[in-house]
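Please follow the account below with the sequence and the coordinates to hand.

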Amino acid sequence: MPPETDNLKLEDLFNADQRERGQVLSSAAEVAALKQNDAVRRKELAEIMGRGEVNTANDLYRAGVILLHGAQPKDFLTAHRLATMGALSGHRGSRWLSAAALDRFLMSIGLPQVYGTQFERNEEESRYQLRLPIDDSSVLHFEKRFFDVPPVIERLAQLNRRIAG
């Protein structure tokens, strides 16, 4: 049975990831720095995982979030796996993360997203928009609710309020 205690180093990595994402990045240099910091966090996470130190539902969620900000399809697929385990362990936030990581994985291999969780910033109009393509034809009518995926229009409004101020 895994220990019941959250990994504090992983919590620190997660908090650093979230702090950086709480800022509106306005230059290519800031985006490049974020990507570099993401790579460092993923390397540290790989070491933590290699030592078998991802054990609790919170650990699974935090590791999944860090990998969601990865660069390769394998990062997104691993994020999906970890989030799914977190969700099965009762971690509520892992539900949405599981859906988002699957969408990001699919798009990274050239397939359409299915849940509509992936957005991109339109710099010309200074607003977010849904990343296309999306194919939700196989999604069950209750599936987005199960994964706590809000309607696209609500999520767009939330993201655009963030840049507005």
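In this predicted model, Pro 151 lies in the loop that joins α6 (143-146) to α7 (152-164). Its relative accessible area is 43%, so Pro 151 counts as partly exposed, a class that falls between the limits of 20% and 50%. Thr 117 is 34 residues away from Pro 151 along the chain, yet the C-alpha atoms of the two are separated by 9.1 Å.

Helix α5 comprises 16 residues, 93-108. At 1.5 Å a residue the helix should span 22 Å, and the separation of its end C-alpha atoms, 22 Å, agrees with that expectation. The buried residues of α5 include Leu 97, Ala 101, Phe 105 and Leu 106, together with the polar residues Ser 94, Ser 98 and Asp 103. Among the elements that cover the buried residues of this helix are α3 (57-68) and α4 (73-88). Just after α5, Gly 110 adopts a positive phi of about 85 degrees.

In soluble globular proteins, nonpolar side chains tend to be buried together. Here the largest nonpolar core holds 18 residues, of which Leu 10, Leu 45, Val 54, Ala 63 and Leu 68 touch the most other members. At least two residues of this core come from each of α1 (8-21), α2 (28-50), α3, α4 and α5, and α3 provides the largest share, six residues. Beyond its neighbours within four places in sequence, Ala 63 is in contact with Leu 10, Leu 45, Val 54 and Leu 82. Apart from this core lies another, of nine residues, including Phe 105, Val 114, Val 139 and Phe 147. Phe 105 is also one of the buried residues of α5.

Key: Residues are numbered from 1 along each chain as its sequence is written. This is a predicted model: local features need pLDDT of at least 70, side-chain atom pairs count only at pLDDT 80 or more; totals for chains, interfaces and linings use all residues. Side-chain values use heavy atoms; hydrogens and water are left out. Helices (H or I, at least four residues) and strands (E, at least two) are DSSP runs, numbered from the N terminus. Buried means under 20% relative accessible area, exposed over 50%, partly exposed in between (1.4 Å probe, protein chains only). The expected span of a helix is 1.5 Å times one less than its number of residues. Contact means heavy atoms within 4.5 Å. A nonpolar core is a set of buried Ala, Val, Leu, Ile, Met, Phe, Trp, Tyr and Cys residues joined through side-chain atoms within 4.5 Å.
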